[in-house]
Amino acid sequence: MTQQVVNGVFLGSIYALFALGYTLVFGVLDMLNLAHQAVFMLCAFVALSLVAGLHLHILLAFPVAVVVAGLLGLLIERIAFRPLRRRANSNISGLISSLALATLFESIALGVWGPEVSRFPFGTIPSRQLRIGGAVVQELQLVIICVSILMMVALTVLLRKTPLGRQIRAVAESGLSARVLGVHVDRVVAASFFISSALGGAAGVLFGLAFNSISPDVGRSVELKGLAVIIVGGMGSMPGAVAAGFALGLLEVFTVARFGSSYRDAVSFAALFLVLIARPRGIFGKAQGRVA
Amino acid sequence: MLLELERVSRSFGGVHAVDRCSFAVRQGDIHGLIGPNGAGKTTLLNLVSGLIQPTGGSIVLAGRRIDRLPPHRIAALGVARTYQNIRLFPDLSAISNVIAGEHLRRRDTVLESLLLLPSARREQETARERARALLARVGLLERAEERAANLSYGEQRRVEIARALAADPAVLLLDEPTAGMNPAEVSAVGRLIAEVASQGHTVLLVEHNVKLVMSICRTITVLDFGEVIAEGPPAAIATSPAVIAAYLGAKP
Amino acid sequence: MAGGEPRPTETGSTPVDHRYDASLSVNLQDLRDFFLTYQSVIGFAGINGLLALSVYATLSCGQLSLANAGFMAIGAYASALLTVHASLPFAVVLLAGTVAPALLAVPLGLPVLRLRGVFLAIATIGFGEVVRLGFVNWEYTNGALGLVGIPQRAGLGSILAALAVTLFLFLRLRGTRTGCALEAIREDEAAARTMGIDSTAHKLAMLTLGAAVAGLAGALEAHFTFMVSPGGYTFGRAVDMLVFAVVGGTAHPLGPLVGAAFLTALPEILRAAGSSIGIPPGPLRLFLNGAILLAVILFLPEGIASLWRRYGRRRVREGHAA
């Protein structure tokens, strides 16, 4: 039982980290970045190449890859979102343009790394195991949990205590008012994308390490989980993304243990739909779901 | 009384945009709604048309409670409106905008069109003719095919009025219809509103142009900080100390 | 292709050499050869045209649905199963393939369409994945391997007929009360609602119509290519359809057809180009999909078809001036 809890928390921490990226951009720009999952996937590959190709230690490759992910986020904002901000029906245009970028990124990954599963070279990942209260816990799992939580704490500190964080929260509250108050909205949006993609990329590297199986379609499989998390937690809510991320991770692990692995994805979908039917704003979201 | 608001309230977060407003609009009246910026006038129109729900109180139209109904049901009961920020359909032509406004009056079905029945063509032609008549009424017939986004500010406002009239509504909610217009346009709109009212429509007019409101409205309600501070015929409002204080900021 | 010297006929006389006869610009033999060679491409262009129209259905009222690969799969499997196990007439099988996904569109759409558009996008991404995974895990349909050996009951005739009927439906929708309502919803849903338009009902109707058309396309494809498998109904397929519709243009029902025809022909050209450049065709096609979609949505949001409209309007204006 403790084993399952640990597995659930470990998986959930990755989901939460990934979902935070979605929710940050949604909170600031009121738009869903459908290229987020492609950044997740590309960043894992980048880390892999740094380790396998340039022989960097994973402890160095990780931050480098995360920064690369952040830069990808800037690119996404500049290409897919900024030009559309002035348009009238920008809600589905933004979805389509980020979807197009995601397709582009996937094709690049396919071209560069091929469709087969890639793995980290032997020795990259620590394989020690520990015993905690009757459960066998991988050292890797603990490391991932710690890194995830550290990044979440760092994000919270950034948003609460720094000037940039205050500006981000101001723009999330009301872009127009923020602009009137002198905030450089464009810069804040760009910064938000950088942070969001960095989080998504970090989640990707951690995921790659956790399962040691990276392929161009790995983003697709985690995308639905991430979307389920932000719907359940409430789109635009960070505490919601964290809580729902861990909850989904635990739920998934327990469902697989009870019913078998073919139901793994059914969990997220079911949770997604239940929330949409019963309480579309999610657990922590503000009531802005309806159209009129 | 056609439209009655009874202690209607609406808050956003901690802000009371509308605070226990009560007033009634008589059938056939041109009823003015004025007040300083941020007084809650547009919020009231949004509440009546159903875009948002009140957090307290009730709104009754012709004896029927409408404050919990979705906007399209309220519209079907005879309410049409224009918007402070102009919400024409930008990529559609002026006439297409007005035709869209006729939705509640049209009777043609998809089936008729699929079966290539002549009634489909006839209905569409009728709708088009009605739209042309409305555009002529607001003086924009020659701009009928122009893309709405390409029209001037004043022209867009007039198309919006035509679009609202297209539904032949019992109640017409106008949100600052003369904003940004020159004096000639303002009087033209004023005449149009008076004409519309004389034909049996009831008008609730939100306006900043106090002169216009004083000249065509029979009753005026004054709002400040979300509350009704005065109500009555123009003469009474013009001399009301509460109103003067609200606009000038001085204590009565 | 006609070529070589004109050969003497059995009666001994030499037939007239039509190659240089300008009045007979198309040789019937040429036409037949062209048709046979490109039959499958035309067939797929027709199916893709249907798929593009299925996405157009929801785009025309401003909604993004990414579920149509899932609806297509349901139509494909339902019709294939009926053909293989029940030997029903083709028309009945097609009808089943059209109705089955339409029925599922209703419970999918009802909870979501009263909410903002992004919720529909998310729910439809989820739906598509769940349908695909459902078929992958369903032993009755051979899971990931799918069904093979479906008799070829669909040919160019049925595909083009289905396309014509569907196009007719969308064309007749324009200008009707419903058609005008859909345009209004697309432009400004909240304002449309205050004009008496029940936007949720309209959106649901279009989602259902799109599902039916996608299902029909799936059923036709299953009986055109002899097989169905979950791999043919991935999210990438849903993106394909979206690209057809957006690239062609969503202001008029012909737009998606233009996009589908153009982009169906493109891979044929690419297959040759890719192998000479040395880039594997799979990633190249995906890259072009993304690049074209991005370019269109940024620079030509009304699609290729709008170029014709713009050019046409300028010509009319010049004509009036002259």
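**Entry 1: the two domains of chain B**

I started with a distance: the centres of domain 1 and domain 2 of chain B, taken over C-alpha atoms, are 27 Å apart. A reminder to myself that this is a predicted model. Next I looked up where the domains run. The assignment for chain B puts domain 1 at 1-78 + 170-252, and domain 2 covers 91-168.

**Entry 2: chain B against chain C**

Here I found 25 residues of chain B in contact with 21 residues of chain C. Which helices of chain B each supply at least two residues to this side? I noted α2 (71-76), α3 (94-101), α4 (110-114) and α5 (118-137). The largest share, 4 residues, comes from α2(B). By class, the chain B side has 14 nonpolar, 6 polar and 5 charged residues.

**Entry 3: chain A against chain C**

Last, I looked at chain A and chain C. Chain A puts 34 residues into this contact and chain C puts in 39. On the chain A side, α4 (90-113), α9 (218-233) and α11 (264-278) each supply at least two residues. I wrote down α4(A) as the one that gives the most, with 15 residues. The chain A side splits into 21 nonpolar, 9 polar and 4 charged residues.

Conventions. Residues numbered from 1 in each chain as written. Chains lettered and ligands numbered in written order. Predicted model: local features only at pLDDT ≥ 70, side-chain atom pairs only at ≥ 80, totals over all residues. Contact = placed C-beta atoms within 7 Å. Nonpolar A, V, L, I, M, F, W, Y, C, P; charged D, E, K, R; others polar. Domains from an automatic or database assignment.
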